[in-house]
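Welcome! Please take a look at the model below, and then we will go through its helices, its sheet and its chain contacts together.

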Amino acid sequence: MAPVTFSQVSKTYPDGTRALVGFDLEIQDGELVVFVGPSGCGKTTALRMVAGLEEVTEGEILIGDRVVNDLAPQDRDVAMVFQNYALYPHMSVFENIAFPLRCQRMPKREIEERVKRAAALLGLEEQLGRRPRHLSGGQRQRVAMGRAIVRQPQVFLMDEPLSNLDAKLRVQMRGEITRLQEELGVTTIFVTHDQVEAMTMGDRIAVMRKGVLQQQGPPELLYDEPANLFVAEFIGSPAMNLFRGRLEATENGLACVLGEQRLPLSAATLAAKPSLAAYRDRELAVGIRPEHLLDPRSSDPALPRLKGEVKFDEALPPERLVYAAVEAQPVVTEDVLEIAQDVDEAAVERLEELAGERFVLACARLDIAAEAPGRGPFEFAVDTTRLHFFDLDTGAALR
Amino acid sequence: MHRYTWRTFSRELSLLVIAAVWWIPFYFLVTIALKPDLEALASPLSFPQSVELGNFGTAWSQGSLGRALVNSIVLTGGTVVILVALGSLCAYTIARRAGAMSTALYLLFVLGIILPFQLGLVPTYAALRELGLVGTYAGLILFYAGIWMPFSVFLYTGFARALPREYEEAAQVDGASQLRIFRKVVFPLLRPVTGTVAIFTGLIIWNDFFLALIFLSGTDNTPLPVAVYSFVAEFASRWNLVFAAVIVALLPVLAFFVVAQRHLIRGFTGGIKT
């Protein structure tokens with residue numbers, strides 16, 4: 001068990017592709033850190049560099065206080081769980097788990113003891129004699145975990161190990177991995193492109209984009225205080241509602257203008273985000289989390305209202321997701337498009353079409369117990385203290 | 001569900017006819033081998049009136065087929081072991097190293113498949129004679145290994161290139177040395193193609209007559225095809241014994257093929273089962 005440090009780590013492939021740029025991160029001993037980001041953001045490259053499967057072009061990677069840049073994977077004392085598990089198909093489950101111990105030339109009896117202990121921990125006792133191809137997806141995943149934990153390595157590296165499982169099993173295995181990691185206390189780097197996985201598993205999350213670390217911190221911090229538009233849009237499901245807005249001076253201070261609607265900003269909001277003062281009469285991106293668009297029937301009547309036209313809703317007990325067209329310009333920046341691209345090309349096309357529109361399809365998270373607002377005009381109450389503001393050019397959060 | 005039509009029937013019938021034509025020589029081979037001397041001479045094409053199993057024993061002892069069988073096993077086994085051991089190692093290296101050198105090496109091996117080995121037969125024979133290897137197992141095994149190595153490397157390379165790198169990477173992270181990775185992970189994963197290389201080259205070498213005649217005739221090391229040939233020269237008038245000898249020579253190959261054909265087909269068509 002040891003901390004892992006990335007110090008100004010960069011990776012450039014021979015064709016000039018920069019997979020990682022000046023990556024700095026310190027992972028504490030026993031911590032579970034999740035690298036998350038869309039495809040091609042460099043998260044797997046960073047993980048493979050720790051394993052020694054990719055060379056470091058610039059910078060240093062330390063495991064404990066040892067620089068491992070030039071060490072072979074065999075000498076790094078790390079264990080890795082691969083996306084497709086990479087279980088040796090010609091070996092039994094026992095032999096798969098025992099393989100790292102045989103490489104260490106451990107005595108047979110100790111190997112047997114350790115494998116059995118790992119198998120018991122993972123509920124694999126009955127499967128030890130079987131070949132991987134006779135196992136279910138969840139069992140294969142456990143064998144891969146078994147092979148990783150049996151060595152008691154300094155660091156666990158997990159490369160999207162849950163992506164091949166069905167939704168239910170994924171939730172179950174998510175819990176099991178977290179439990180196991182806590183029990184063993186081994187420093188763990190977990191790579192995923194699923195932000196729900198990242199939010200539920202990580203002590204800390206590192207959000208990456210185009211090889212650059214965008215923000216790192218505990219899940220709540222990333223959710224409540226995203227550093228930029230990219231993180232704001234990427235973290236949270238449903239995603240943050242983003243509007244192109246403007247700050248206007250009013251008699252009582254500043255108001256956020258979305259289309260034709262004005263949301264007065266309280267003195268407390270302005271005090272909490274002093275940099276907003278510089279954006280008076282300027283355009284910016286305004287973000288509202290779905291849970292901060294409130295049901296007016298059960299919220300403070302003094303809160304400002306945002307009008308929209310309810311298009312449809314989704315019952316997802318204990319909440320109801322209400323989708324309403326709000327008259328305002330959407331935010332279609334490079335950050336937003338890139339996240340859409342990770343979903344599919346059609347999402348990008350939809351967003352590009354929307355760029356010319358004057359409507360944003362906003363999502364509100366309401367209580368399912370309240371009566372569903374029917375199709376047609378509806379006014380949401382807005383908790384303006386929870387609004388997020390971003391510079392449109394740089395994407396940086398305004399605080 | 002396919003319907004059984006006239007078309008299907010006629011197709012099946014034509015295949016059966018072709019199969020029957022194919023089997024005619026084997027019919028004569030077996031029936032003549034079972035006939036006593038007189039009957040074999042009097043009515044060679046008829047169905048045997050009496051069965052003479054002693055022909056096989058006579059052929060076995062008179063033709064020194066026991067010794068020839070051992071020779072065939074040594075020559076084939078020795079060559080196949082070299083082709084598998086060196087071919088797989090070489091192909092794995094070529095498959096995993098990206099670079100001009102590796103491509104050039106691969107092309108060199110492909111060239112080895114294209115060029116007829118007869119081009120180099122005389123100088124190689126002279127070289128082996130200089131080394132005192134003509135007439136020995138080692139000489140012919142080396143020669144066989146040389147001419148079939150390109151084929152072995154070619155087959156192994158194609159398979160190794162398709163092998164997911166993740167297994168090797170997992171083994172690296174698990175702490176295995178390069179040699180251990182090859183021995184314990186890669187080589188077992190190459191099993192289907194190993195089967196193909198071993199069976200394919202093994203069958204050809206087992207049946208080879210020409211090279212064995214050139215390199216080994218006149219010694220005690222001659223394999224079955226050469227031994228049968230010598231037997232024919234000696235017992236040309238007793239076809240029942242000649243055919244019995246041929247069957248004795250054929251049987252091991254036939255048995256081997258029946259057992260191993262599944263591997264042969266998998267090596268050509270399939271990948272690894274994960």
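To talk about how helices cross, we use axes, which are lines fitted to C-alpha atoms, for helices over the stretch in contact, with angles running from 0 to 180 degrees between N-to-C directions. This is a predicted model, in which local features need pLDDT of at least 70 and side-chain atom pairs count only at pLDDT 80 or more, while totals for chains, interfaces and linings use all residues. Residues are numbered from 1 along each chain as its sequence is written, and chains are lettered from A and ligands numbered from 1 in the order in which they are written. Helices (H or I, at least four residues) and strands (E, at least two) are DSSP runs, numbered from the N terminus.

- The axes of helix 2 of chain A and helix 3 (residues 108-122) of chain A cross at roughly 130 degrees and come within 10 Å.
- That makes the pair oblique; angles under 35 degrees count as roughly parallel, over 145 as roughly antiparallel, 65 to 115 as roughly perpendicular and the rest as oblique.
- Phe94(A) and Ile97(A) are among the helix 2 residues that meet helix 3 of chain A, where the partners include Ile111(A) and Val115(A); two residues are in contact if their C-beta atoms, placed from the backbone, lie within 7 Å.

**Helix 2 with helix 4**

- Helix 2 of chain A also packs with helix 4 (residues 137-149) of chain A, at an angle of about 30 degrees and with axes 7 Å apart.
- That angle makes these two helices of chain A roughly parallel.
- On the helix 2 side, the contact includes Val93(A) and Ile97(A), while helix 4 of chain A gives Val143(A), Gly146(A) and Arg147(A).

**The sheet**

- Four strands of chain A form an open sheet with the order 2-1-4-5 and antiparallel pairing; two strands pair if DSSP finds at least two bridges between them.
- Strand 2 (18-27) and strand 5 (66-67) of chain A each have a single partner strand, so one side of each is left without a neighbour in the sheet.
- Six bridges join strand 1 (residues 4-12) of chain A to strand 2 of chain A, and Lys11(A) has Leu20(A) as its bridge partner.

**Where the chains meet**

- In chain A, 20 residues are in contact with 17 residues of chain B.
- Strand 6 (78-81) and helix 2 (93-103) of chain A are the elements that give two or more residues to this side of chain A.
- The residues on this side of chain A divide into 14 nonpolar, four polar and two charged.

How values were computed. Nonpolar A, V, L, I, M, F, W, Y, C, P; charged D, E, K, R; others polar.
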